[in-house]
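Please look over the model below before reading the points that follow.

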There are 2 protein chains.
Amino acid sequence: MAKTKVHTRSHYEEERERGDAGEWACGRWFEYALVVALAALLLLAALVLALFWALYYRQGFAWSDAPQRQFNLHPVLMVAGFVTFSGFSALLFRVCRCCRRLHVKLFHMVLHALAIPCVVVGFWAALDWHELQQPPLPHFHSLHSWLGLVTMGLFALQFVVGFFSFLVLLCCEGATAAFRAALVPVHAAFGITTFMLAIATCLTGLSHKAYELYGAFYPTSWSEEGIIINALAMVLVALGILVSYTVRREGSRGEGKTFLSERL
Amino acid sequence: MAKTKVHTRSHYEEERERGDAGEWACGRWFEYALVVALAALLLLAALVLALFWALYYRQGFAWSDAPQRQFNLHPVLMVAGFVTFSGFSALLFRVCRCCRRLHVKLFHMVLHALAIPCVVVGFWAALDWHELQQPPLPHFHSLHSWLGLVTMGLFALQFVVGFFSFLVLLCCEGATAAFRAALVPVHAAFGITTFMLAIATCLTGLSHKAYELYGAFYPTSWSEEGIIINALAMVLVALGILVSYTVRREGSRGEGKTFLSERL
């Protein structure tokens with residue numbers, strides 16, 4: 001029965017009851033905070049690099065009247081939605097340990113909700129760009145588009161299932177506690193999978209773009225734009241590793257075990 | 001002092017002592033076995049798909065006399081080394097719970113050692129292919145090559161540090177137990193990171209190759225080879241998710257916690 005009330009308490013309170021808080025209060029918090037800070041910094045860096053690339057090297061943004069500049073919306077908005085907003089949403093869910101669970105959930109949902117318009121407009125910009133080519137490019141033939149479709153499908157599923165299960169079902173809190181508890185690890189596992197898929201999709205997209213710009217014949221002297229593209233890719237890879245580590249790892253390494261916060 | 005003897009016992013014996021074995025004996029073993037079996041199947045499928053692609057669509061293998069066929073060695077050997085051998089090595093370290101720890105370690109090392117000639121020849125084939133182009137292609141300008149270099153560096157570091165720390169240092173077992181225990185989680189974390197990096201590098205390479213074959217103008221009807229490339233990419237993504245899940249998740253989900261086998 002205690003479980004039905006669990007969402008009204010903070011992460012910290014639960015840990016104190018379990019006796020974990022004292023152990024965590026020492027150096028491990030510092031290590032964890034450092035990793036989280038680095039992840040947050042890289043989440044912003046990815047967006048800044050994508051924006052810098054589009055504005056400085058690709059002549060900024062437009063809509064159908066300038067298809068090439070319309071396309072620039074695609075990488076920037078996809079990085080903003082799938083990487084920056086989603087990444088912050090995942091990080092904040094773990095980091096906000098002193099807030100009420102319901103507030104953390106709402107914040108998690110709002111950040112993911114902010115990603116939706118980015119993804120929709122970014123997706124539309126790429127589709128429209130395909131149509132405006134002479135001859136029009138076929139849709140969903142590339143490796144990048146296949147990965148992108150799977151990522152978008154998983155993201156939508158996660159959002160709808162998460163919204164109904166962890167927020168709407170709170171209206172009959174007691175009756176749904178067991179169901180929600182069972183769903184938490186599934187939601188967490190699919191969440192980090194969606195994030196990793198998004199990173200993989202971004203990497204194939206960037207790789208595609210680099211080939212479009214340089215072909216097999218990369219410039220023999222270093223190209224500034226090429227370095228920016230590669231740097232963005234390396235930031236994305238680092239994020240894939242760091243966010244995955246931050247989300248999964250919540251316990252004491254010394255004891256040879258890890259706690260996942262699989263709670264309501 | 002008990003720790004110094006720990007590597008001579010099997011995983012299963014340790015778990016039985018901790019009281020975990022009974023819990024694991026039930027349905028969770030079945031779920032875990034299913035995931036491991038699927039991962040093993042996909043590790044083989046990735047290699048088979050890469051081989052099928054090279055032999056059926058890319059005219060098989062050669063060395064410097066036929067640069068294009070020489071290049072075909074690169075994707076096949078890199079998938080074999082970085083994905084299939086490394087993946088099996090990671091899986092088997094987790095799955096062989098009834099064997100003596102030293103035997104499991106040796107098997108883990110041998111499988112990684114088998115990856116080394118694959119990676120070296122695969123890397124050489126790509127370098128040589130670059131040189132044989134007219135004009136020769138510059139090295140290490142692409143996103144794929146940057147990711148590949150980081151992956152190879154981490155792999156080499158992991159192999160050397162792992163070999164000396166977990167095998168050579170056993171010669172003075174008691175004195176090095178604490179150091180080895182502290183190194184295990186680091187080795188595990190960097191191991192899964194190397195595997196994820198390898199998957200990301202493969203995806204950018206495949207994406208590159210698809211662009212080389214089709215350019216921006218993908219065929220309007222489906223290309224068989226394109227589907228094979230995309231299918232290989234999807235298998236690699238699924239492997240990234242499954243192997244990561246299998247290696248990290250070793251405990252009881254119902255209890256809301258996960259045990260990493262961070263042992264000597």
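1. pLDDT is the predictor's confidence in each residue, on a scale from 0 to 100. For chain A the mean pLDDT is 83, and 83% of its residues reach 70 or more. Over residues 1–7 of chain A the pLDDT is below 50, and this stretch has 15 contacts (heavy atoms within 4.5 Å) beyond near neighbours in sequence. Residues 251–264 of chain A also stay under 50; the model gives them 64 contacts beyond four places in sequence.

2. This is a predicted model, in which local features need pLDDT of at least 70 and side-chain atom pairs count only at pLDDT 80 or more, while totals for chains, interfaces and linings use all residues; side-chain values use heavy atoms, without hydrogens and water. Residues are numbered from 1 along each chain as its sequence is written, and chains are lettered from A and ligands numbered from 1 in the order in which they are written. The model scores ipTM 0.78 and pTM 0.82.

3. Chain A has nine helices and zero strands. Helices here are DSSP runs of H or I with at least four residues, strands are runs of E with at least two, and both are numbered from the N terminus. Among the elements of chain A, the lowest mean pLDDT, 52, belongs to helix 1 (residues 11–18), and the highest, 95, to helix 5 (residues 73–95).

4. The unreviewed UniProt entry places the feature "transmembrane region" at residues 32–56, 76–94, 106–126, 146–170, 182–207 and 227–247 of chain A. UniProt positions are in the numbering used here, feature names are shortened, and annotations may be inferred rather than shown by experiment. In the model, residues 76–94 of chain A are 100% helix, with end C-alpha atoms 26 Å apart. Residues 227–247 of chain A are likewise 100% helix, and their end C-alpha atoms are 30 Å apart.

5. How much of chain A is buried? Of its 264 residues, 56% count as buried, meaning under 20% relative accessible area; exposed is over 50% and partly exposed lies in between (1.4 Å probe, protein chains only). Among contacts in chain A between residues at least 6 apart in sequence, 75% join residues at least 24 apart.

6. Ser64(B) sits in the loop between helix 3 (27–57) and helix 4 (67–71) of chain B. Ser64(B) has a relative accessible area of 33%, so it is partly exposed. Leaving aside neighbours within four places in sequence, Ser64(B) is in contact with Gln70(B), Asp128(B) and Leu132(B). Val150(B) is 86 residues from Ser64(B) in sequence and 26 Å away in space, C-alpha to C-alpha.
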